Amino acid sequence: MSVFVPITSFVRMRLTWIGSLLLRPPPTGLRCVLAAGKKDLIDLPVLVEDELEEQFVRGSGPGGQATNKTSNCVVLKHIPTGIVVKCHQTRSVDINRKRAREIMREKLDVAYKGELSEVVMKKKESVLRKQEKRRKANENLERKRLLKEALAADSKPGNDTV
């Protein structure tokens, strides 16, 4: 269901209802798509196939002959921005093509939005969670050390408190 909402007498915005959620269109000049996947990244740019240059090259790394003889490494170049992504995570060309496109969308999101990108924000949240977890672990270790020192001091001979 789509609704036209008059903002001014000259400008009209198209809003879309999905369930009980009201969606607004993406900002002009930046094409976005809703893509809730395993990483839950919402506003990633849409890849236009005409703007992509795709090559299949021979991969490198461990794997010996199976890796060196097959051209299943995908090199994807976004022509307008010049961003290049190389993906050789699996032996399957189809899976590498999909993963290369996912990586390209994330890189384009970072290039377009900078610090406001969801990828960057999720990375920062992850770093903060990790730092907080490490801080709590260190505090816990310090408390245990102090407790051991206190128990050792109490159990020394000559400390009879009667």
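Here is a short walk through this protein, from its overall layout to its salt bridges. What you have is a predicted model, in which local features need pLDDT of at least 70 and side-chain atom pairs count only at pLDDT 80 or more, while totals for chains, interfaces and linings use all residues. Residues are numbered from 1 along each chain as its sequence is written, and side-chain values use heavy atoms, with hydrogens and water left out.

Let's begin with the layout. The protein has three helices and eight strands; helices (H or I, at least four residues) and strands (E, at least two) are DSSP runs, numbered from the N terminus. If you follow the sequence, the order is β-β-β-β-β-β-α-β-β-α-α.

Next comes the surface. Of the 162 residues, 19% count as buried. Here buried means under 20% relative accessible area, exposed means over 50%, and partly exposed lies in between (1.4 Å probe, protein chains only). The protein exposes about 12,500 Å², with 57% of that supplied by carbon and sulfur atoms; accessible areas come from the Shrake-Rupley method with a 1.4 Å probe, and for residues only the protein chains shown count as cover. As for contacts (heavy atoms within 4.5 Å), among those between residues at least 6 apart in sequence, 34% join residues at least 24 apart.

Now to the charged side chains. The whole structure holds nine salt bridges, each one a side-chain nitrogen of Lys or Arg within 4 Å of a carboxyl oxygen of Asp or Glu. One of them pairs E49 with R101, with 3.0 Å between the closest N and O atoms. This pair links distant parts of the chain: E49 sits in the loop between β5 (43-45) and β6 (52-57), R101 belongs to helix α2 (residues 93-113), and the two are 52 residues apart. E49 is partly exposed at 46% relative accessibility, whereas R101 is buried at 15%.

D109 is buried, at 0% relative accessibility, while K113 is partly exposed at 25%.

E132 is partly exposed at 33%, and R135 is partly exposed at 38%. Finally, salt bridges with shared partners join E49, E54, R97 and R101 into one network.
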